[in-house]
Amino acid sequence: MYRFSTTVIGLLNLLTLLASIPVMGAGLWMARGTSTACQEFLRTPLLFIGFIVLLVSLAGFIGACFRIVMAMWIYLVVVFILMVTILSFIVFGFTVTSKSGGGFEVPGRVYKEYRLDHYAPWMRNRVMNPRDWETIRSCILSSKSCSKVTSWTPLDYLQRDLSPIQSGCCKPPSSCNYAMATTSGQDQDCFRWNNAQPLLCYECDSCKAGLLEEVKRSWNKIVVLNIVVLLFLIALFSAAWCAYQNVQRTETDHPYGENRITKARPRWDYYWWRWWNERKEQIY
């Protein structure tokens, strides 16, 4: 079992080591030439994740295949920290998104509309920062989410559905009435709306709420994925612990094989195991 776990850990880390190369390559490819703000926003996490996976996989592969105790110990510590981090992220994501958003029905329309005050304060603060929103806004523009919606007829708005971003960013709120002599008392987003394609309602609170709804839906999927990853990491940690014990056993003569100690002063449990093995031989 111990030697089997060492082989499994070595193979798994070899696969993750190879998988980290295209991840880093994608980040480096984004750095070529002129890149948009959205690409720059994604490039740093890709490079960071690829580099961390490369180092951790390298430590696990070297520790398991070359029987280096220190490398296996580092690998175990990093995997444990990763397990705690993912568990914290699951709890945090569930806490932030469980009672947030959802949108409200618009009479006579298929789509929903969203309000910024329906989301958790932590989520609102992320989009209220002007510097962060400028980056997010450029990502929404580059995705061309509004390119089809702007050509819709009034009948299309009554019969067709909209994504949260399209509902918040590509049109004014349905409550806006521009036929009135005065717009006082109406939603502030009614004043922020502009027919110009680069402007539309990208500065509206409804656009920011639509983005948070998309983030919430993505987080709900990511939480499920993280639970699966956490279970996999628990199994991986168990196998890595067995492999770590196997690597440690190569320094003593227990429970199998000849003594491989080359140090002048053996480990503290060496004599205990030797005494125990001699006792077993005498009994049996």
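## Disulfide links

The link of Cys 146 and Cys 170 is left-handed, with -80 degrees about the S-S bond. This is a predicted model, in which local features need pLDDT of at least 70 and side-chain atom pairs count only at pLDDT 80 or more, while totals for chains, interfaces and linings use all residues. Residues are numbered from 1 along each chain as its sequence is written, and side-chain values use heavy atoms, with hydrogens and water left out. The sulfur atoms of Cys 146 and Cys 170 are 1.9 Å apart, and the pair counts as a disulfide (two cysteine sulfur atoms within 2.5 Å). Cys 146 lies in the loop between helix 5 and helix 6 (154-159) and Cys 170 in the loop between helix 7 and helix 8 (189-192), so the link ties together parts that are 24 residues apart in sequence. Helices here are DSSP runs (H or I, at least four residues), numbered from the N terminus. Cys 146 and Cys 170 are both buried, that is, under 20% relative accessible area; exposed means over 50% and partly exposed lies in between (1.4 Å probe, protein chains only).

By the sulfur distance rule, the count comes to four disulfides. Another one joins Cys 169 and Cys 207, whose sulfur atoms are 1.8 Å apart; with 85 degrees about the S-S bond, this link is right-handed. Cys 169 sits in helix 7 and Cys 207 in helix 9, so parts 38 residues apart in sequence are tied together. Cys 169 is buried, at 0% relative accessible area, and Cys 207 is also buried, at 0%. Cys 201 and Cys 204 form a disulfide too, with sulfur atoms 1.7 Å apart. The torsion about their S-S bond is about -90 degrees, so this link is left-handed. Both Cys 201 and Cys 204 are buried.

## Around Ser 206

Let us turn to a neighbour of these cysteines. Ser 206 belongs to helix 9 (residues 205-249), and its 9% relative accessibility makes it buried. Leaving aside residues up to four places away in sequence, Ser 206 touches Tyr 114, Gly 168, Asp 189 and Cys 201, where contact means heavy atoms within 4.5 Å.

## Nonpolar cores

The largest nonpolar core has 30 residues, and Val 127, Trp 133, Ile 140 and Tyr 202 touch the most other members. Two or more residues each come from helix 4 (121-128), helix 5 (130-143), helix 7 (164-169) and helix 9. Helix 9 gives the largest share, five residues. Such a core is a set of buried Ala, Val, Leu, Ile, Met, Phe, Trp, Tyr and Cys residues joined through side-chain atoms within 4.5 Å.

Which residues does Trp 133 touch, not counting residues up to four places away in sequence? They are Val 127, Ile 140, Tyr 202, Glu 203, Cys 207, Lys 208 and Leu 211.

## Along helix 3

Val 84 is found in helix 3 (residues 69-97), where it is partly exposed at 41% relative accessibility. Val 91 also belongs to helix 3 and is partly exposed, with a relative accessible area of 48%. From C-alpha to C-alpha, Val 91 is 8.7 Å from Val 223, although 132 residues separate the two in sequence.
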